[in-house]
Amino acid sequence: MPSPSHPVRQITVLVTAGALGLAGGVAAPTQAAPDPATPRTTTVVCDQLGEVPLEVTGRLDGPGGVRVAGKGPVTVSNASAIRVVARSGAARRAAALEKRAVKTKGLRCEPVTVRTTAGQLGDGTKVAAAGMTAAQSVDATLQVDVTFDTDAVVRAAADNVVTAAAAANDPAGYGKVEAFPYASQLSSYTASRSGSVALAYRSMGSSTIYSHVKGSATNVTASIVKVAVMATVMDKAQREGRALSSWEKSQMVPMIRYSDNAATTRLWNHVGRGPAVGAVLGKMGLRQTTPGYAGYWGLTVTSAPDQVVLMDHFSRANPVINNTNRAYGLSLMRSVASDQDWGVTSGPGDDIAVKNGWLPRSDGWHVNSIGYSHKTPVPYSVAALTHSSSAGMSTQIATIEGASRIIWNKRATTQPAPDVRSPRRGDFTGDGRTDLIAIKQETLYLVQGLGEGRMAAPQPLGRGWGQTNWIGVVGDVTKDGRQDLVARRTDGSLHLWRGNGDGTLSYSRHLGTGWAGLTSVTAVGDFDANGTPDLLARRADGSLVRYALPATGNPVKAASLGTGWGGMSRIMGALGVNTDLKADVLALRGDGRLYAYTSAGATLNRGTQVAGNWSPSLMSGCGDTTGDGIEDVCYQSGTRLVTYPISRGGRPLAARLSGTSLAGFRLLG
């Protein structure tokens, strides 16, 4: 039995009748009576806990007659049989059962039929009064109380956490964990609240996770684990090379939107239960999570920073969950039932992505809330875990919502300052690594950077790009700290797409017309280091012109950069050829010779040949893919993406084959 010093969790399990013919005058079933010596098994799905296996071995209302099958933290403390009298109409019988279930204390569980004998329902007097014999086989309603010690679960789970398998390569994975800049305000607030409170937060564009803990740093998840179950289903589909099936989606919708426990149990079993969920969380780099302690998904144990990392695998592009599945998961979390739209929505509003969980104890509650606020200028992921041995659910919800309002109001203090001179041009996912944008037929793709010149497989961002004949990663035009994209259409119109900081783009504005007659357009970066990105445009007469891209309005002609550029087959921006923070230029001549030109602010310095014999079919300046502070060159070799790191002075170093296929792609930016 649990130690008296640790509160005991009380659950009531209701097992309802399938056949209700127990009243006098109703024929009893004629099947042979089950052998009382043979244990009969059934399972019930308990709210916020999972599937509980039961064995019926004796009198349903006697000591030891019903027990939890196997070993684990859940035990039966009391069992009693209930005979239900059939009334006219199945709906009335169902309503009667529903009333009975509502009145039971603790968590409600899914109905299930238990086949037993009349003798196991009660003593001889009761059996005779019902006009039955002790051996007659009947279906019965069984009410079971079970107990478990959540504090003991948390302690035991600490010895069996997931193993981080790919944290170093995952843009949505762990960064450093620090105290909130306004930790004193959070400390003052949580000190006034009942029980343990653990908070974590990370803003888009930052790798740092901010954390605050009062009391226990870990907690049982209850239903917030359903986000991890959803991620595991997505991983299963991706490994099998397919989209989510209609059946998987039919279970995900009620699991996330309505916190349906039966759907969760079906998906939990579908993916392989705790070990499978743990493998996916390990890929994400979680450190303090034990999935499905003793087989119960609701007894998963976790920390607030781990839950922020999990949410960021939906809010940020990453190699674990592809963009299509991420977007689908966020759409479900943004449309939860109104009675579950609370917690970390306080502050940003009830249209953000959220999943909540609650687990009542005999003397208190575990209440948790995780979410992602997409609202600019500071999108962020957040987690709040609470546990009190004295306060009720409403009090714990109020605790979470008060902390959430503090975080929302203070969000600007944790936002990384935009750095328009950053060498990380092209970092669309906010992880500090340069990404590429590419087009295949009419679909736009993100090619996510993994560091050290390595790139992930292309992930689709959207269709409708068939009339686009040039794209350029220009830097931060809109001055929101995120990277933007400029695209030219075949009609000569120029358009700005604003980066959202999570690997996706939103249309911003039309930038004018008349660009069709230009023979080359280059997104060079910040040519004169004044904080405004620039474009280089080559006219039909071979002259090169620089255009500044202001935060509002159309491109503005800034300077003419001379003539004689007609013989260049590629013109690319390359910050870092020297150390003055001005964007430089690499240009490939038709004869395969590569030249480096450094920016003088208003003009270009004389070019220097840095390589020869180059003839790639698809080539682009691709930002700093290696993390050395110098922008690189990417091109297509056969069907593969190759990265050439550039040294000071502009000379290419040894090529790095990324392994990423560019077969069929026509534009790279």
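Colleague: What makes helix H6 and helix H9 roughly perpendicular to each other?

Modeller: In this predicted model, the axes of H6 (residues 225–239) and H9 (residues 273–284) cross at roughly 85° and come within 9 Å. Angles of 65 to 115 degrees count as roughly perpendicular, and therefore H6 and H9 are described in that way.

Colleague: Why are both an angle and a distance quoted here?

Modeller: Because two packed helices are described by the angle between their axes together with the distance between those axes.

Colleague: Which residues of H6 and H9 meet, and how do they divide into nonpolar, polar and charged?

Modeller: From H6 come Ala-228, Ala-231, Thr-232, Asp-235 and Arg-239, and they meet Ala-276, Val-277, Val-280, Leu-281, Lys-283 and Met-284 of H9. Of the residues in this contact, seven are nonpolar, one is polar and three are charged.

Colleague: Turning to helix H5, which of its residues are buried, and how do you know that they lie on the same side of H5?

Modeller: The buried residues in H5 (residues 183–191) are Leu-186, Tyr-189 and Thr-190. Around the axis they cover an arc of only 90°, and therefore they are placed on the same side of H5.

Colleague: What does the face of H5 turned away from the buried side carry, and what covers the buried residues of H5?

Modeller: That opposite face carries Ser-184, Ser-188 and Ala-191, which are exposed. The cover over the buried residues of H5 includes strand E9 (196–203), strand E10 (209–214) and helix H12 (393–409).

Colleague: In the open sheet with the order E33-E34-E35-E36, what makes E33 and E36 the edge strands?

Modeller: This sheet has four strands with antiparallel pairing, and strand E33 (619–621) and strand E36 (656–661) are called its edge strands in that each pairs on one side only. From one strand to the next, the twist averages 25°.

Colleague: How do you know that strand E34 and strand E35 pair?

Modeller: Two strands pair if at least two bridges are found between them, and E34 (residues 633–637) and E35 (residues 640–644) have five bridges, in the antiparallel sense, so they count as a pair. Across this pairing, Gln-636 stands opposite Leu-641 in E35.

Colleague: What are the edge strands of the open sheet with the order E20-E17-E16-E37?

Modeller: They are strand E20 (459–462) and strand E37 (665–668), each of which pairs on one side only; the sheet has four strands with antiparallel pairing, and its twist averages 35° from one strand to the next. Within it, strand E16 (residues 436–440) and strand E17 (residues 443–447) run antiparallel and are joined by five bridges, and Lys-440 stands opposite Thr-443 in E17.

Colleague: Why is Ala-596 called buried?

Modeller: Ala-596, which belongs to strand E31 (residues 594–597), has a relative accessible area of 5%. Buried means under 20%, and so Ala-596 is classed as buried.

Colleague: What does Ala-596 touch, leaving aside residues up to four places away in sequence?

Modeller: Ala-596 touches Val-577, Val-585, Leu-586, Arg-606, Gly-607, Thr-608, Val-610, Gly-649 and Gly-650. The C-alpha atoms of Ala-596 and Arg-651 are separated by 8.0 Å, although these residues are 55 residues apart along the chain.

Colleague: How many helices and strands are there in the chain, and what percentage of its residues is buried?

Modeller: The chain has twelve helices and 37 strands, and 57% of its 669 residues are buried. Among contacts between residues at least 6 apart in sequence, 58% join residues at least 24 apart.

How values were computed:
Residues numbered from 1 in each chain as written. Predicted model: local features only at pLDDT ≥ 70, side-chain atom pairs only at ≥ 80, totals over all residues. Heavy atoms only, no water. Axes fitted to C-alpha atoms, helices over the stretch in contact; angles between N-to-C directions. Helix = DSSP H or I, 4+ residues; strand = E, 2+ residues; numbered from the N terminus. Parallel < 35°, antiparallel > 145°, perpendicular 65-115°, else oblique. Contact = heavy atoms within 4.5 Å. Nonpolar A, V, L, I, M, F, W, Y, C, P; charged D, E, K, R; others polar. Buried < 20%, exposed > 50% of the residue type's maximum accessible area, 1.4 Å probe, protein only. Arc of directions from axis to C-beta.
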